[in-house]
Amino acid sequence: DQASGTIEEILTAIAPPEPITTEWFLEFPTADRSSLRQILKKMMERLQKQLHHRSQIPLGITCHLKLQNKQEEEFAVSLYRACGDVPHLIELLELRLERMTFPAPVSEVSLTVTDIYQPEHHQPTWFHAEQD
């Protein structure tokens, strides 16, 4: 009856997965690049744990900075291909951070995974085929 249209077919919506994000609130705002690099490294470690739990690899990450003067800055990094190399992603974030100029010290940092790669999982073979 649903196929012929005589009875309504109710489709349940599947909610998208929760965004993968982490935040860092600075007690004392800073413009020190080395401090911000250390914060980015720790935040990437947090993201990596969340991604590992979901068996996902990041392809794109957005960094959102809130400044002490209420301005906001944002930059993104993305990969062409999934590699799962967290140090490489950290290096890309640091390079983008180095090119930025801040009119005020940074008071909050957030990282959000904007694009992911979900590797395919194949069932392992249980029995080895005999070779003739």
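I started with helix H1 and listed its buried residues: Leu36, Ile39, Leu40, Met43, Met44, Leu47 and Leu51. Buried here means under 20% relative accessible area, exposed over 50%, and partly exposed in between (1.4 Å probe, protein chains only).

I noted the ground rules next. This is a predicted model, where local features need pLDDT of at least 70 and side-chain atom pairs count only at pLDDT 80 or more, while totals for chains, interfaces and linings use all residues. Residues are numbered from 1 along each chain as its sequence is written, and side-chain values use heavy atoms, with hydrogens and water left out. Helices (H or I, at least four residues) and strands (E, at least two) are DSSP runs, numbered from the N terminus.

Then I checked the length of H1. Its 22 residues (33-54) should span 32 Å at 1.5 Å a residue, and the end C-alpha atoms are 31 Å apart, which agrees. The expected span is 1.5 Å times one less than the number of residues. Ser55 follows H1, and its phi is positive, near 60 degrees.

What do the buried residues of H1 pack against? I found strand S1 (21-30), S2, helix H2 (86-98) and strand S4 (106-117). Contact means heavy atoms within 4.5 Å.

I turned to the sheet. It is open, has four strands in the order S1-S4-S2-S3, and its pairing is antiparallel. S1 and strand S3 (72-78) stand at the edges with a single partner strand each, so one side of each has no neighbour in the sheet. Neighbouring strands are turned by 15 degrees against each other on average, direction ignored. Strands pair if DSSP finds at least two bridges between them. S2 and S4 pair over 10 bridges, in the antiparallel sense. Cys63 has Leu111 in S4 as its bridge partner.

I looked at how the helices lie. H1 lies across S1, S2 and S4, at about 160 degrees to S1. H2 lies across S2, S3 and S4, at about 140 degrees to S3. Axes are lines fitted to C-alpha atoms, for helices over the stretch in contact, and angles run from 0 to 180 degrees between N-to-C directions.

Last, I picked Thr62. Is Thr62 buried or exposed? Thr62 counts as buried because its relative accessibility is 15%. Thr62 is in strand S2 (residues 57-67). Leaving aside neighbours within four places in sequence, its contacts include Glu74, Phe75, Ser110 and Leu111.
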